[in-house]
Amino acid sequence: MTPAMFGYMRQLARDDDKDENEAIKAELARHATREGFTLERLFIERLRADEESAFFALTDALKSTNVKHVIVPSLWHFARLPGLQAAMRDHIEREIGARLWVVQSSSMPRSSAS
């Protein structure tokens, strides 16, 4: 049985970014498959006040399942500030014990890695 992996991404805000969002989702799924995983669930941060944080939902899911791998397009999807990126990465890897996979592929849309 192929091991499961969760994905996490920050949805790009503009309406014209819909194609880029879909490209990011597809790239995460392809990368997971290449590494021998099944992308079981993708947590998408939409940055709206009326929704639960996808990051908190992801960490809760990691704590309550046997999934111990998370894939992200780039650390920018966690946060724009390097210190916050490091804190979120540290939380997943050291406090929860999951492995973080950072794609940062050249085929990813430029706006997702800036």
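Reader: On which residue is the kink in helix 3 centred?
Author: This is a predicted model, in which local features need pLDDT of at least 70, side-chain atom pairs count only at pLDDT 80 or more, and totals for chains, interfaces and linings use all residues. Residues are numbered from 1 along each chain as its sequence is written, and side-chain values use heavy atoms, with hydrogens and water left out. Helices (DSSP runs of H or I, at least four residues) and strands (runs of E, at least two) are numbered from the N terminus. With the bend at a residue taken as the angle between axes fitted to the seven residues ending there and the seven starting there, helix 3 has a kink of about 30 degrees centred on Asp90.

Reader: How far apart are the end C-alpha atoms of helix 3?
Author: The expected span of a helix is 1.5 Å times one less than its number of residues. Helix 3 (residues 82-96) has 15 residues and should therefore span 21 Å, which agrees with the distance between its end C-alpha atoms, 20 Å.

Reader: Which residues of helix 3 are buried?
Author: A residue is buried under 20% relative accessible area, exposed over 50% and partly exposed in between, using a 1.4 Å probe and protein chains only. What covers the buried residues of helix 3 includes helix 2 (54-64), strand 3 (69-72) and strand 4, where contact means heavy atoms within 4.5 Å. These buried residues are Gln85, Met88, His91, Ile92 and Ile96.

Reader: At what distance from the ring centre of Trp101 does Arg99 lie?
Author: A charge sits over a ring if NZ of Lys or CZ of Arg is within 6 Å of the ring centre and within 35 degrees of the ring normal. Arg10 lies over the face of Trp76 at 5.7 Å from the ring centre, while for Arg99, over the face of Trp101, the distance is 3.7 Å.
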